[in-house]
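Biologist: Could you take me through this model? I would like to begin with the overall fold and then turn to the side chains.

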Amino acid sequence: MTMSKGNLMKESNVKIPEKSEGEVAVLKKIAAMPEPYRSMGERLHKLIMSTVPTLQPRVWYGMPGYAKTINSPVLCFFRSDKYMTFGLTDKANFTLEEGAPHHLLASSWFFTELDDATETKIADIVRDATS
């Protein structure tokens, strides 16, 4: 026997968080991605939201995007093409690499696999970009 969300909450006092309209749309976009990008997208979404839980997901130019508030500019996004791409918009917080002999600011990264090291690096990027 399955319980509806309402009955489950009444029966056990468990609160199931509601997903925002933006998050529902992002999850639909991710679900429409072909494998292996769908699995990577699901992991990326969870990673971004666990790294900065206050971010507001929404579909941005057809891609999953994340902003500080519902009405503020998107700061980071991802998409699937030939490779999975994770990127930052010009509204993100950028810091020039300390001691760098150049003036380049990295804004997007391609990857074909989402391993632990890549997840750690993306979490660091999200944290810095949204600070």
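Modeller: The discussion below goes from the fold to the sheet, and then to ring pairs and charged pairs. Please keep in mind that this is a predicted model.

Biologist: Understood. How many helices and strands are there in the protein chain?

Modeller: The protein chain has 4 helices and 5 strands. Along the sequence they follow the pattern α-α-α-β-β-β-β-β-α.

Biologist: And what percentage of the residues count as buried?

Modeller: Of the 131 residues in the protein chain, 34% count as buried. The chain exposes about 8600 Å², and carbon and sulfur atoms supply 54% of that area.

Biologist: What share of the contacts comes from residues 24 or more positions apart?

Modeller: Such residues account for 43% of the contacts in the protein chain with a separation of 6 or more.

Biologist: Now the sheet. In which order do the strands stand?

Modeller: The 5 strands form an open sheet in the order β1-β2-β3-β4-β5, with antiparallel pairing. Strands β1 and β5 stand at the edges with a single partner strand each, so one side of each has no neighbour in the sheet. On average, neighbouring strands of this sheet are turned by 20° against each other, direction ignored.

Biologist: How many bridges join β1 to β2?

Modeller: There are 5 bridges between β1 and strand β2 (residues 63-67), and the two run antiparallel.

Biologist: Which strands does helix α2 touch?

Modeller: Helix α2, residues 21-31, packs on the sheet and touches β1, β2 and β3. The direction of helix α2 makes about 55° with that of β1. Helix α4, residues 116-129, also packs on the sheet, where it touches β3, β4 and β5. For helix α4, the direction makes about 25° with that of β4.

Biologist: Let us change topic to the aromatic rings. How many aromatic pairs are there?

Modeller: The count comes to 5 aromatic pairs. One of them is formed by Trp60 and Phe77, which is tilted, with 5.3 Å centre to centre and 45° between the planes. This pair links distant parts of the chain: Trp60 belongs to strand β1 (residues 56-60) and Phe77 to strand β3 (residues 74-80), 17 residues apart.

Biologist: Why is that pair called tilted?

Modeller: Planes under 30 degrees apart count as stacked and those over 60 as edge-to-face, so the rest are tilted. The angle between the planes of Trp60 and Phe77 is 45°.

Biologist: Is Phe77 buried or exposed?

Modeller: Phe77 is buried, with a relative accessible area of 10%. Trp60, by contrast, is partly exposed at 22%. Both residues belong to one aromatic cluster, together with Tyr61.

Biologist: What about Tyr83 and Phe110: what kind of pair do they form?

Modeller: Tyr83 and Phe110 form a tilted aromatic pair, with 6.0 Å centre to centre and 50° between the planes. Tyr83 lies in the loop between β3 and β4 (84-88) and Phe110 in strand β5 (residues 108-111), so the pair ties together parts that are 27 residues apart in sequence. Tyr83 counts as partly exposed at 34% relative accessibility, while Phe110 is exposed at 57%.

Biologist: On to charges. How many salt bridges does the structure hold?

Modeller: The structure holds 5 salt bridges. Among them, Glu119 pairs with Arg43, their closest N and O atoms being 2.4 Å apart. This pair links distant parts of the chain, as Glu119 is in helix α4 and Arg43 in helix α3 (residues 37-51), 76 residues apart.

Biologist: Is Glu119 buried or exposed?

Modeller: Glu119 is buried, with a relative accessible area of 19%, and the cut-off for buried is under 20%. Arg43 counts as partly exposed at 36% relative accessibility.

Biologist: Which residue does Arg38 meet in a salt bridge?

Modeller: The side chain of Arg38 meets that of Glu35, at 3.2 Å from N to O. Arg38 counts as partly exposed at 27% relative accessibility, and Glu35 counts as partly exposed at 44%.

Biologist: And which residue forms a salt bridge with Asp81?

Modeller: The partner of Asp81 is Arg79, with the closest N and O atoms 2.7 Å apart. Asp81 counts as partly exposed at 47% relative accessibility, and Arg79 is partly exposed at 33%.

Key
Residues are numbered from 1 along each chain as its sequence is written. This is a predicted model: local features need pLDDT of at least 70, side-chain atom pairs count only at pLDDT 80 or more; totals for chains, interfaces and linings use all residues. Side-chain values use heavy atoms; hydrogens and water are left out. Rings of Phe, Tyr and Trp (its six-membered ring) pair if their centres lie within 6.5 Å; planes under 30 degrees apart count as stacked, over 60 as edge-to-face and the rest as tilted. Buried means under 20% relative accessible area, exposed over 50%, partly exposed in between (1.4 Å probe, protein chains only). Contact means heavy atoms within 4.5 Å. Accessible areas come from the Shrake-Rupley method with a 1.4 Å probe; for residues, only the protein chains shown count as cover. Two strands pair if DSSP finds at least two bridges between them. Axes are lines fitted to C-alpha atoms, for helices over the stretch in contact, and angles run from 0 to 180 degrees between N-to-C directions. A salt bridge is a side-chain nitrogen of Lys or Arg within 4 Å of a carboxyl oxygen of Asp or Glu.
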